[in-house]
Amino acid sequence: MNTSPDSDSLPRENAEETMELLWSRVRQRGDLPGFSKVVGAIIGAMHDDDDREFNMTKTVLQDPALTQKVLRLANSAMYSVFGQGINTVSKAVIVLGTEAIGHLAIGLKLIEDLAAASTDSAVARMEMEKAVLAGHVARHLASSAGTRDAEEAVVCAMLHSLGRMMTTFYLYDRWQRMQECRIESGLSEEQAALYILGLSLDEIGRQVAQQWGLPATLVHTMREVTPEPVSEPLGHADWLAAVSTLSSQCASVLCANDDASDKTLAALAHNFAEMLGLEGAAVLTALNAAQQTVAQEEPVVVRPLKRVEFDKSLLAQRHAGKPADATLILMRGIADIRGALHAASISQLMTMALETVYQGLGFGRSIAFLRDLEQAQYAARMYFGDVMQGMLPRLVFGDAYQPDVFHAALANDKMIFIENAQDSAFANKVPRWWRQAFPTVRSFMVLPLTVNRQPIGFIYGDWNGSRPSAKITQSEADLLDELRMLIVRAVEQRRQMEASWARKLI
């Protein structure tokens, strides 16, 4: 006798208890601020049209493991048409595109943070693998649609099953009871979730996403969409929900890899094609392309302990100050700039230059100050490293000459390096804005950028007192001079073509 509960009368009083238990276990095993933070940063970088590539570069550089993975992919055989030897993340962003890097970033954080916080459950690992694969499927589906935002689709698809992941990671005992209930009572997964948890897996995902402060549009897509004929094209949010549903279902089928998978995938492609505005054949082509991409980029294999050790080692290097191979890193970065000189925009070249200085000398922060002739001031426009967002409005000073080290470098068009900025005898040579913004800095560099004898800005970098003492050698200074000359040449060549950048500079 079938004793399964009536799905219309399933108890809902357990929902609050379930969420309280979930957050309790999250607190016990470690919250996931790294994951939610990087998702927010990636989404922000994807939607910032003005400095999209720069913001993606900045986000990647904050994570040493992701930096290595992006550079490895940019130098892989799949991207060999762009040439090998890509040394900077900023050039890798140009080659790979923000879409591919956003996918890598979220996938990596998904693996690191959720796997590290979960039990060593095969179910948990499988859910994570399916989420990463769903992102690949969504990328190719959205690209096939042509007019849709592939990057946003990737993010939505990867987080579509967030409720399942959180349940298998933190509520594995409840997950097991759900599976037992399905076997014993013949319930669907949704019915079993309502019966055991008091709310659906999608509802859990939405509540978690809201708690993390993720965008409302993304939260709206975290629901199952039933394929059905449509009389007119779907709105943006509904289309994202539909493509996320299809991507997640296809990922589940591909991970299951049973004998009927081909027929199941063909049926899914047929059922969702009209709703997505695609031909069934195009959906299947996208699915095949997604599988090839996964195989080429990197098989989804979860090794939490190895990844954690790898990241800690890289993080230690990042905070070690000036690297032993600083000259080599500078040379490689300059090679990237030279190779991109004729194709990249001024903004892209400035990003490469700033990253090269930041990584090559191991600065705690590196900032590009640009001159605004209309406002008669220099202001921070780009930065890598230890700069708080609220600090930017203070990193501004007038362009009228003052007897300080910054104006001296700009007036003489010559790099200045200050080895001991804490020396009391040097106090009257630095402006008040700098002392207030960077009170712990021990050493810093000012690298001026001058076009037609007019300063247009400078690159600043520093080491604070927590990093080992270091100097800039003559060979490194020569390379820095070469770097700034390349940027100056690019500005001279493009000042007519890129009015948006050059209008205020020259």
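Student: What do the side chains of Glu419 and Lys471 do?
Tutor: They meet in a salt bridge, 3.9 Å from N to O. Keep in mind that this is a predicted model.

Student: Where do Glu419 and Lys471 lie?
Tutor: Both are in loops. Glu419 lies between β4 and α20 (432-437), and Lys471 between β6 (454-464) and α21, so their contact ties together parts 52 residues apart in sequence.

Student: Is Glu419 buried or partly exposed?
Tutor: Glu419 is partly exposed, at 37% relative accessible area.

Student: Switching topic. How many salt bridges are there in the whole structure?
Tutor: A search finds 14. One of them pairs Asp413 with Arg484, with the closest N and O atoms 2.7 Å apart.

Student: Which parts does the Asp413 and Arg484 pair tie together?
Tutor: Asp413 sits in the loop between α19 (405-412) and β4 (416-418). Arg484 belongs to helix α21 (residues 474-494), so the pair links parts 71 residues apart in sequence.

Student: And Arg484, buried or exposed?
Tutor: Buried, because its relative accessibility is 6% and the cut-off for buried is under 20%. Asp413 is partly exposed, at 28%.

Student: What does Asp481 do with Arg484?
Tutor: Their side chains form a salt bridge too, at 2.8 Å from N to O. The two are three residues apart in helix α21, so about one helical turn separates them. Asp481 is partly exposed, with a relative accessible area of 30%.

Student: Which residues do salt bridges with shared partners join into one network?
Tutor: Glu127, Lys130, Arg164, Arg182 and Glu189.

Key. Residues numbered from 1 in each chain as written. Predicted model: local features only at pLDDT ≥ 70, side-chain atom pairs only at ≥ 80, totals over all residues. Heavy atoms only, no water. Salt bridge = Lys/Arg side-chain N within 4 Å of Asp/Glu carboxyl O. Helix = DSSP H or I, 4+ residues; strand = E, 2+ residues; numbered from the N terminus. Buried < 20%, exposed > 50% of the residue type's maximum accessible area, 1.4 Å probe, protein only.
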